[in-house]
Amino acid sequence: MLNLLAVFAVSGLWHGANWTFIIWGLLHGSYVLGERYISKLKSMEISAAWWKWIKRFLVFHLVVFGWIFFRANNFEDALLMVQKIFTWAPQGELIKGEVGRLGDPGLYWKIVLVLFFIAIDPLMYKFSKNELNLGYLVKLLVLAFITACIILFGNWGEVSFIYFQF
Amino acid sequence: MKRLIRTTTIFIGFTLVFYLLMVYLLNEISYENRRAICVAIPYMPKKGGQEMSMFSDFQKRTNHDIIVLGSSHAYRGYDPDIFDSLGLDLFNMGSSSQHPMASWVLLNRFIKPGNVKLVILDVYDRTFELEGMDCTTRLIQHVPSDAAAFDLFTAEPDLRSFNSFTTRLMIRNLPSEYEAPGYVRDGYCSLTDTLDTLKAEDRSNFIPNTTMFDHLEKSLRWLEMNKIPCVVVSHPQPLVPTWINYHHEFRRRLDPMLDQYQVKYYDMTGEAWLRAEEHFADENHLNQAGVTIFNQRLVGLLRDDGYLQEHGK
């Protein structure tokens, strides 16, 4: 158990000399430990489809929770974000100046857009693998549309690459 | 090879059509009284505000005793009415976050040697550090000539300035979408608030954007070549302890350049004759009371140093 945690802590440290990366590594280590413990329980041997979806849901949220520590500038910022997530504030700003407020129609449009992109993701995957049997011209049209969207909506600001922190 | 050329040409053609169609539609569709393009693209400014009023005033009359270039320190810090009361005709060509690169384009495109007697370049240390795209996209939308807008795009070639330039061409006849609060005349916007408590951001290390210093030098060289008298001013700011070193580092870069071109520098950062709570509207800008004191003092200094003796009315 300790060996596993140590390996994950070191793999976290490999990403940068900051406590946030170590905690991110330890979190993943604890997830693996938890998974090993739960999978040994007889009561958890469920083959139903709904159980698979619950597991996917849990894994997704645990990984996303880990990203908080991975991306935060420091441990205090990460804790603040965790605290905000678990504090109910219907009129509060989700993230200052970035996402919007609950009740703001703009926020719902953004959520709809995100869901739209999630919905077309399998289609785009098939497109990238050339599995949709589209004609030459249609393929060019799709690629041209995507390129135009990237030019217009791309995040072209100066964004420093996370691994440049070394 | 033929197929590659044909595919590339069709692809570029389709991309251009989609791109222009999207820019057009996003400018036509409104969402909550804002053009959809301003909602969808964070750096795309609304049309109007101080820049639009300023250029509209400038086109009415281009001859002035003094023209000021700079950031919000400039357009909120030099009041044409005060200069007028002192017998001087001042136009304020400052704009939001205006950096030396943008000042250079404005100087080069709109200031003619016979039209001005003194140019004041208001230098704010922060604008020598920033990327400056916010100012560039705003000016591209509002400058009165396509050539100047194109110069701004080529000075900072980037897909954001390109998108801003395309939008400019699409909304050429669009009227102002909002008025600048506190706009007085000739580019000047006044503030009447007072600062309750000074909450200064941390400014410890000055990380220069060398392109900005290069463009300041271009401006100084151009002014020298065209024999237009020029002074450099740093608008008053409350001198927060963490800003002292920052400003000193800025000056270490600036002073040799000013010495080279023999340009007088009036550095009013942290001047004791202004009090944060009484003369400032926020951490960066003077209120009307502060502007009055600053402008009177500056005119006095300029007169003492001989810059305005033969230029005044």
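How many salt bridges does the rule find across the interface of chain B and chain A? I looked this up in what is a predicted model, and the count came back as zero salt bridges between chain B and chain A. For polar contacts I found three residue pairs between the two chains, with both residues of each pair at pLDDT 80 or more.

Entry on the extent of the interface. I noted that chain B and chain A bury about 1,900 Å² between them, and that 77% of this lies on carbon and sulfur atoms. On the side of chain B, Phe11(B), Phe18(B) and Met22(B) lose the most area to chain A, and together they make up 26% of what that side buries. The contact draws 22 residues from chain B and 19 residues from chain A.

Entry on what chain B brings to the contact. The elements giving two or more residues to this side are α1 (2-28) and α9 (159-170) of chain B, and α1(B) supplies the largest share, twelve residues. By type, I recorded 13 nonpolar, three polar and six charged residues on the side of chain B that touches chain A.

I then followed Leu121(B), and, leaving aside residues up to four places away in sequence, its contacts include Leu69(B), Leu216(B), Leu220(B) and Cys230(B).

Conventions. Residues are numbered from 1 along each chain as its sequence is written. Chains are lettered from A and ligands numbered from 1 in the order in which they are written. This is a predicted model: local features need pLDDT of at least 70, side-chain atom pairs count only at pLDDT 80 or more; totals for chains, interfaces and linings use all residues. Side-chain values use heavy atoms; hydrogens and water are left out. Contact means heavy atoms within 4.5 Å. Buried area is the accessible area (1.4 Å probe) that two parts lose on being put together, summed over both. A salt bridge is a side-chain nitrogen of Lys or Arg within 4 Å of a carboxyl oxygen of Asp or Glu. A polar contact is a pair of N or O atoms within 3.5 Å; within protein, one must be able to donate a hydrogen and the other to accept it, and residues adjacent in sequence count only if both atoms are side-chain atoms. Helices (H or I, at least four residues) and strands (E, at least two) are DSSP runs, numbered from the N terminus. Ala, Val, Leu, Ile, Met, Phe, Trp, Tyr, Cys and Pro count as nonpolar, Asp, Glu, Lys and Arg as charged, and the others, Gly among them, as polar.
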